[in-house]
Amino acid sequence: MAVPAMLNKNNSAVKRIMQEARELANDPSTEYSAAPLEDDIFEWHCTLRGPSGTDFEGGLYHFRIRLPAEYPFRPPSIMLLTPNGRFELNTKICISFTNYHEELWQPAWGVRTAIIALQGFFPLKGQAAMGIGALEAPSSERRRLAALSKDWVCPRCNHSNLQSLPDPPPSNDSGSTLASASPPTTTTTEEKTSAEADASGVPTPAVDVTVTPVVRSPEADHPTPPGNANRITEAVANDGATTSSPPPPPGAAPRGGHQVGSSLYQQSRTHVSTVRPPMLLDTAIGVLLVLVFALLCRRVF
Ligand SMILES: [Zn+2]
């Protein structure tokens with residue numbers, strides 16, 4: 001993509017954004033598509049597939065990511081554009097990496113990290129799902145909107161979500177590979193359990209829901225005791241809150257940035273050899289962002 005003439009190509013934000021745009025263009029995903037606008041590289045329009053096994057399965061959701069002039073040292077903001085029943089439209093939504101929680105953002109993260117984390121936020125329930133821009137539409141409404149969302153047309157991009165993110169070609173293992181391997185899908189399995197608990201009037205702590213994939217994915221033979229889950233959560237919280245370790249250089253790839261994510265990836269890799277590693281690690285980072293957010297929301301709200 002050409003840099004618009006009015007932009008200074010030596011500006012660090014511009015260089016970083018162009019680098020991310022190239023990486024996303026060269027390594028496309030069937031789960032999302034994202035690119036900066038032709039006339040404003042600080043504004044990206046993205047289309048995200050609804051997480052499978054949730055009310056949003058089959059849905060395609062268009063949103064804009066606004067990058068600040070200080071990017072990547074200040075976080076992006078995200079606004080949903082497609083009606084979805086989970087997030088308000090045209091409202092900066094409150095998730096840990098957006099400018100509502102600026103202190104949690106790390107320069108090594110990028111647009112791809114933000115998109116994957118957003119996907120992980122879709123199925124959250126209860127306290128973890130709350131925050132600025134959150135909606136609690138009934139399941140039937142979310143499913144109805146998911147069915148309509150493929151034909152939704154972005155007035156700025158002038159094409160539908162299905163055109164932005166076509167359905168992946170059917171194959172024997174596509175979908176099932178993602179469903180069996182990605183932590184967010186594991187989360188949604190647990191969500192059903194928590195939904196049942198909610199229905200019976202027993203509030204389910206958000207942390208239990210979101211921690212599950214971290215506990216479960218590494219070693220099925222050695223189930224981790226519940227106390228260990230809390231330690232993991234605390235470690236993640238500390239990691240996100242203090243940011244005492246020096247951040248990686250701005251040019252570093254976002255996917256290498258997180259210690260916990262890396263170890264999760266290494267442990268998981270031995271069990272799931274069919275998954276592309278970058279996708280799994282990205283997903284792991286997304287889940288960790290969700291964990292940090294869940295803890296933050298418990299403190300703030
Ligand atoms: Zn658009």
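Read along the sequence, this predicted model follows the pattern α-β-β-β-β-α-α-α-α-α-α-α-α-α. That makes ten helices and four strands in the protein, where helices (H or I, at least four residues) and strands (E, at least two) are DSSP runs numbered from the N terminus. Residues are numbered from 1 along each chain as its sequence is written. Because the model is predicted, local features need pLDDT of at least 70 and side-chain atom pairs count only at pLDDT 80 or more, while totals for chains, interfaces and linings use all residues.

Now to the sheet. The four strands form an open sheet in the order S1-S2-S3-S4, with antiparallel pairing; two strands pair if DSSP finds at least two bridges between them. S1 and S4 stand at the edges with a single partner strand each, so one side of each has no neighbour in the sheet. From one strand to the next the twist averages 25 degrees. Axes here are lines fitted to C-alpha atoms, for helices over the stretch in contact, and angles run from 0 to 180 degrees between N-to-C directions. The pairings are listed here:

| Strand pair | Bridges | Sense |
|---|---|---|
| S1 and S2 | six bridges | antiparallel |
| S2 and S3 | seven bridges | antiparallel |
| S3 and S4 | four bridges | antiparallel |

A hairpin joins S1 to S2 through two residues, and Leu37 stands opposite Asp40 in S2. Further along, Leu48 stands opposite Tyr61 in S3. Across to S4, Phe63 faces Leu80 and Arg64 faces Met79.

In a regular strand the side chains alternate between the two faces of the sheet. S4 has a covered face with Ile78 and Leu80, and an uncovered one with Ser77 and Met79.

H2 packs on the sheet, touching S1, S2, S3 and S4, and its direction makes about 35 degrees with that of S2.

What about H1? Its 15 residues, at 1.5 Å a residue, should span 21 Å, and the end C-alpha atoms are 21 Å apart, which agrees; the expected span is 1.5 Å times one less than the number of residues. Ala13, Ile17, Glu20 and Leu24 are buried in H1. They cover an arc of only 65 degrees around the axis, which puts them on the same side of H1; the arc is that of the directions from the helix axis to the C-beta atoms. A residue is buried if 20 or more other C-beta atoms lie within 10 Å of its own, exposed if 12 or fewer, and partly exposed in between, with C-beta atoms placed from the backbone. The face of H1 turned away from its buried side carries the exposed residues Arg22, Ala25 and Asn26. The buried residues of H1 pack against S1, S2 and H2.

The largest nonpolar core has 51 residues, and those with the most contacts inside it include Cys46, Phe63 and Ile115. Such a core is a set of buried Ala, Val, Leu, Ile, Met, Phe, Trp, Tyr and Cys residues joined through C-beta atoms within 7 Å. Among the elements that give two or more residues to this core are H1 (12–26), H2 (111–121) and H10 (277–300). H10 gives the most, with 14 residues. Leaving aside its neighbours within four places in sequence, Cys46 is in contact with Tyr32, Ser33, Ala34, Phe63, Ile65 and Ile115; a contact has C-beta atoms, placed from the backbone, within 7 Å.

Of the 301 residues of the protein, 41% count as buried.

Terms used:
Contact = placed C-beta atoms within 7 Å.
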